[in-house]
Amino acid sequence: LMATARTLPAVPTIKSFAASLYKIDNKEAINLFVNKLKGSKLKLEILNENGAVLYRQFLSKKATKFRTKFNFTDLKNGKYTIKLTEGKTIELKTIEI
């Protein structure tokens with residue numbers, strides 16, 4: 001399991017969130033940690049290599065922290081993208097199984 005990250009757009013913006021991925025040792029799983037400003041609306045999606053949405057969740061405006069574990073054991077080998085969207089700010093984190 002490999003992970004890389006990139007942030008869009010290239011124009012400097014002030015983000016209302018920060019996200020980190022951590023691989024769980026010896027497993028095809030990751031922990032995702034998100035810190036965000038209260039009141040910001042954040043959408044979390046997991047996409048396959050073709051861009052199809054496999055998972056979607058909207059994080060509460062009231063929440064400031066979000067923690068979860070994603071297990072990729074049952075998915076085919078390939079690249080997957082975790083996409084976090086808040087307004088026009090998009091952060092992409094790539095996972096390779």
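Me: What percentage of the 97 residues of the protein count as buried?
Reply: This is a predicted model. Buried means under 20% relative accessible area. Of the 97 residues, the share that counts as buried is 34%.

Me: Among contacts between residues at least 6 apart in sequence, what percentage join residues at least 24 apart?
Reply: Contact here means heavy atoms within 4.5 Å. Take the contacts between residues at least 6 apart in sequence. The part that joins residues at least 24 apart is 57%.

Me: What is the strand order of the open sheet of 3 strands?
Reply: β2 (residues 17-23) and β3 (residues 29-36) run antiparallel and are joined by 7 bridges. β3 is also joined to β6 by 7 bridges, again antiparallel. The order is therefore β2-β3-β6, with β2 and β6 at the edges.

Me: Why is one side of β2 and of β6 left without a neighbour in the sheet?
Reply: Both strands stand at the edges of the sheet. One side of each is left without a neighbour because each has a single partner strand.

Me: What is the average twist from one strand to the next?
Reply: The sheet is open, and its pairing is antiparallel. From one strand to the next, the twist averages 15 degrees.

Me: Which residue in β3 is the bridge partner of Ser20?
Reply: β2 and β3 are joined by 7 bridges. Lys23 has Ile30 in β3 as its bridge partner. For Ser20, the partner in β3 is Phe33.

Me: Which residue in the turn between β2 and β3 has a positive phi?
Reply: β2 and β3 form a hairpin, with 5 residues between them. The residue in the turn with a positive phi, about 60 degrees, is Asn26.

Me: Which residue in β6 is the bridge partner of Asn35?
Reply: β3 and β6 run antiparallel, with 7 bridges. The partner of Asn35 in β6 is Lys65.

Me: What kind of aromatic pair do Tyr55 and Phe70 form?
Reply: A search of the whole structure finds 3 aromatic pairs. In the pair of Tyr55 and Phe70, the centres are 5.3 Å apart and the planes make 75 degrees. Planes over 60 degrees apart count as edge-to-face. The pair is therefore edge-to-face.

Me: How many residues apart are Tyr55 and Phe70?
Reply: Tyr55 lies in strand β5 (residues 53-59), and Phe70 lies in strand β6 (residues 65-71). The pair links distant parts of the chain, 15 residues apart.

Me: Is Tyr55 buried or partly exposed?
Reply: Phe70 is buried, at 8%. Tyr55 has 30% relative accessibility. The cut-off for buried is under 20%, and exposed is over 50%. Tyr55 therefore counts as partly exposed.

Me: What kind of aromatic pair do Phe72 and Tyr80 form?
Reply: Phe72 is buried at 2%, and Tyr80 is buried at 7%. Their ring centres are 5.9 Å apart, with 45 degrees between the planes. The pair is tilted.

Me: Which residue's backbone oxygen does the side chain of Ser40 reach?
Reply: Ser40 is found in the loop between β3 and β4. Ser40 is buried, with a relative accessible area of 7%. The side chain reaches, at 2.7 Å, the backbone oxygen of Leu37.

Note on methods:
Residues are numbered from 1 along each chain as its sequence is written. This is a predicted model: local features need pLDDT of at least 70, side-chain atom pairs count only at pLDDT 80 or more; totals for chains, interfaces and linings use all residues. Side-chain values use heavy atoms; hydrogens and water are left out. Rings of Phe, Tyr and Trp (its six-membered ring) pair if their centres lie within 6.5 Å; planes under 30 degrees apart count as stacked, over 60 as edge-to-face and the rest as tilted. Helices (H or I, at least four residues) and strands (E, at least two) are DSSP runs, numbered from the N terminus. Buried means under 20% relative accessible area, exposed over 50%, partly exposed in between (1.4 Å probe, protein chains only). Two strands pair if DSSP finds at least two bridges between them. Axes are lines fitted to C-alpha atoms, for helices over the stretch in contact, and angles run from 0 to 180 degrees between N-to-C directions. A polar contact is a pair of N or O atoms within 3.5 Å; within protein, one must be able to donate a hydrogen and the other to accept it, and residues adjacent in sequence count only if both atoms are side-chain atoms.
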